[in-house]
Amino acid sequence: MLTTFFFALVALCGLGFAAPPSPPPPPSGGVDVTPDSPPPVYRALSDFDFQSLNLALNQEYIELDLFHYGLARFSEKEFLDAGLGPEYRFLIEYMADQEVGHAEMITNILYPYGAKPCKYQYPFDNVREFFDFCQKLTRWGESGVYGFLPHLDNRAPAELLLNSITTEARQQMAFRQLQGLFPMAVWFIAGIPQAWAWTLLSPYLVTCPSDNPDIKWQIFPYLTVTPLQNNPNAIRSDSKAAVSTNVSAISYPGYEVNFKWDEPGQQVSYDKKYVTTTSAGPAKYALWVSQLNATYTPLYNINNNYASAKQPDGRVFGDSSAPIFNDTMFVVLTDDNPYVSPYNLSLVNPHVVAGPAIYQAG
């Protein structure tokens, strides 16, 4: 009986000391994912990196200022008249606090050479217009970062910026909800080149500290949808803040859009130290950028710096998938229609006559 117990104990102990199964080998490939990889360096490794991150820092600063400015400019009663109580004001204040963190993170990466906050100007006169500008500004801030993240020479700061831009994406959706729009009317968010983001941002910087590094990205001649009421209007007097609504598209395929654009050579942005430029010839196309798509439509009624185009149609993956042209999107005017895709959209820049403009399709 003692012998039986002894062998049973040995068997149990043997089970306890069995070697655990080996983990499967990792898939081959990848960058900086092995134990012998160099430690990450959270710094700009090229002028491309620096200029991309510095543009993002300027974007974070205006968002921080904008959220505080709206809370200070409009009274609690004005927010209440727009259907927004103190909880919503707290949400906006918290989003401003998020921007403090985002700006500090990029400042640390660029230290001691990054930009400092500037003085800004804003194109709104009431709470609804404030929300509309916030959702547009956070959209081009979000899309501007998506456009350059895959192209950075140093991938370590790209990871940190990705961590912040996912928060900004939530801010953009929240502002659409505060405006009473459908919160996420697309399947994919397009990325745009740095020059497009800088062109959109540049008019709102008035003065900046003299030691702020120059922003080297191109500023294209400004493009507007004219008259203003020709741009589908997301600022509705009957809209109320909502988690979701059945309001989606506010335009439609074939909708006629009229454009007006500036001549190049204008002195613009903070302290009038930048000049708008283009290497393109006469405008021939409108290029609509939304979701995974870049779609050209011909311009017509071209007269000096005015022209018209029709909003295009189409679905992301064909029938029964999402309509391409919805949500807050981008349009530029071009002199040619070269093929571009989400990864190489910046290759169209030599053909951009003017823009982008924000187009509110939904």
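Reply: Phe67 has a relative accessible area of 0%, so Phe67 is buried (under 20% relative accessible area; exposed is over 50%, partly exposed in between, with a 1.4 Å probe and protein chains only). The model is predicted: local features need pLDDT of at least 70 and side-chain atom pairs pLDDT 80 or more, while totals for chains, interfaces and linings use all residues. Residues are numbered from 1 along each chain as its sequence is written, and side-chain values use heavy atoms, without hydrogens or water.

Now the rings. The structure holds 23 aromatic pairs (rings of Phe, Tyr and Trp, the last by its six-membered ring, with centres within 6.5 Å). In one of them, the planes of Phe67 and Phe175 meet at 45° with centres 5.2 Å apart, so this pair is tilted (under 30 degrees is stacked, over 60 edge-to-face, the rest tilted). Phe67 sits in helix 2 (residues 47-73) and Phe175 in helix 6 (residues 155-179), so the pair joins distant parts of the chain, 108 residues apart (helices are DSSP runs of H or I with at least four residues, strands runs of E with at least two, numbered from the N terminus). Phe175 is buried too, at 0% relative accessibility. Ring pairs tie both into a cluster whose members include Tyr69, Phe133, Trp140 and Tyr204.

A cavity is a set of points on a 1 Å grid over the protein atoms alone where a 1.4 Å probe fits but cannot get out; lining residues have an atom within 4 Å of a point. Three cavities reach 30 Å³ or more. Helix 2, helix 5 (127-148) and helix 7 (194-201) each give two or more residues to its lining. Helix 5 gives the largest share, five residues. By class, this lining has six nonpolar, four polar and no charged residues (Ala, Val, Leu, Ile, Met, Phe, Trp, Tyr, Cys and Pro are nonpolar, Asp, Glu, Lys and Arg charged, the others, Gly among them, polar).

The second largest cavity has a volume of about 60 Å³. It is lined by 13 residues, with Arg139, Ala190, Ser290, Gln291 and Thr328 the closest to its centre. Helix 5 supplies at least two lining residues here as well. Strand 11 (328-334) has the largest share, three residues. Two of the lining residues are charged, five polar and six nonpolar.

Key. On a 1 Å grid over the protein atoms alone, a cavity is a set of points where a 1.4 Å probe fits but cannot get out, and a pocket is an open set with protein on both sides within 12 Å along at least five of seven lines; lining residues have an atom within 4 Å of a point. Grid points are joined across faces, edges and corners, and a volume is the space filled by probe spheres set on the points.
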